[in-house]
Amino acid sequence: MRTRGAGTAGKLTVVLATLVLLVAGCGGPSPRAWAAAVCEALTPWRAEINKLTSSTQQQMTAQTTPAQAKENLVRLFAGAEQASETARRRIEEAGVPETDHGDEISAGFRASLSKVRDAYGRARDTIDGLDTAQAGPFYDGVRAAVDTLNKEYDASSLDTSRLNSTELKEAFDEVPECR
């Protein structure tokens with residue numbers, strides 16, 4: 001009798017564990033929860049990028065030596081690269097929204113941030129590789145790196161025309177984290 005009870009309990013445990021895995025694996029966050037998580041990831045990212053962009057513009061016009069400018073710009077672009085990766089990772093952690101094409105939408109956000117992150121990394125590496133011995137060529141190199149960064153940044157934008165989700169549009173409009 002004891003063996004049968006233990007066997008039944010063991011089977012029940014296996015069935016319950018399987019149900020928990022199935023329920024946990026079923027779908028992702030609601031559109032509202034996902035939109036809130038995305039905005040919570042992007043709001044500090046935008047603030048950091050705006051701050052770094054302003055600092056970069058100031059650095060480009062400041063009266064500093066090329067070596068000081070190089071150090072500051074490398075640090076600024078490394079910060080932008082890290083902020084972009086943090087936002088990308090947080091969106092990845094948010095999962096896939098429970099909506100039509102949720103996986104494609106989530107992947108699009110992550111891919112866009114990956115491209116931005118990589119663009120900042122390339123700009124950092126380019127500027128880090130510039131010779132600071134002569135100011136003119138150094139600043140020409142910085143301008144070229146920033147021009148390339150701007151082009152890559154523009155090209156990385158998420159094409160939302162194919163990512164139609166009425167549920168997500170409403171969620172982004174409604175959740176307080178996105179206001």
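**Salt bridges, pair by pair**

Author: Let's start with Glu 48, which pairs with Lys 51 in a salt bridge, their closest N and O atoms being 3.5 Å apart. This is a predicted model, where local features need pLDDT of at least 70, side-chain atom pairs count only at pLDDT 80 or more, and totals for chains, interfaces and linings use all residues. Residues are numbered from 1 along each chain as its sequence is written, and side-chain values use heavy atoms, with hydrogens and water left out.

Reader: What makes Glu 48 buried, partly exposed or exposed?

Author: Buried means under 20% relative accessible area, exposed over 50%, and partly exposed in between (1.4 Å probe, protein chains only). Glu 48 has 26%, so it's partly exposed.

Reader: How do you know that Glu 152 and Arg 122 form a salt bridge?

Author: Their closest N and O atoms are 3.3 Å apart, so they meet the cut-off. Glu 152 lies in helix 5 (residues 135–155) and Arg 122 in helix 4 (residues 102–128), so this pair ties together parts 30 residues apart in sequence. Helices are DSSP runs (H or I, at least four residues), numbered from the N terminus.

Reader: And what makes Arg 122 buried, partly exposed or exposed?

Author: Its relative accessible area is 43%, so Arg 122 is partly exposed.

Technical notes. A salt bridge is a side-chain nitrogen of Lys or Arg within 4 Å of a carboxyl oxygen of Asp or Glu. Helices (H or I, at least four residues) and strands (E, at least two) are DSSP runs, numbered from the N terminus.
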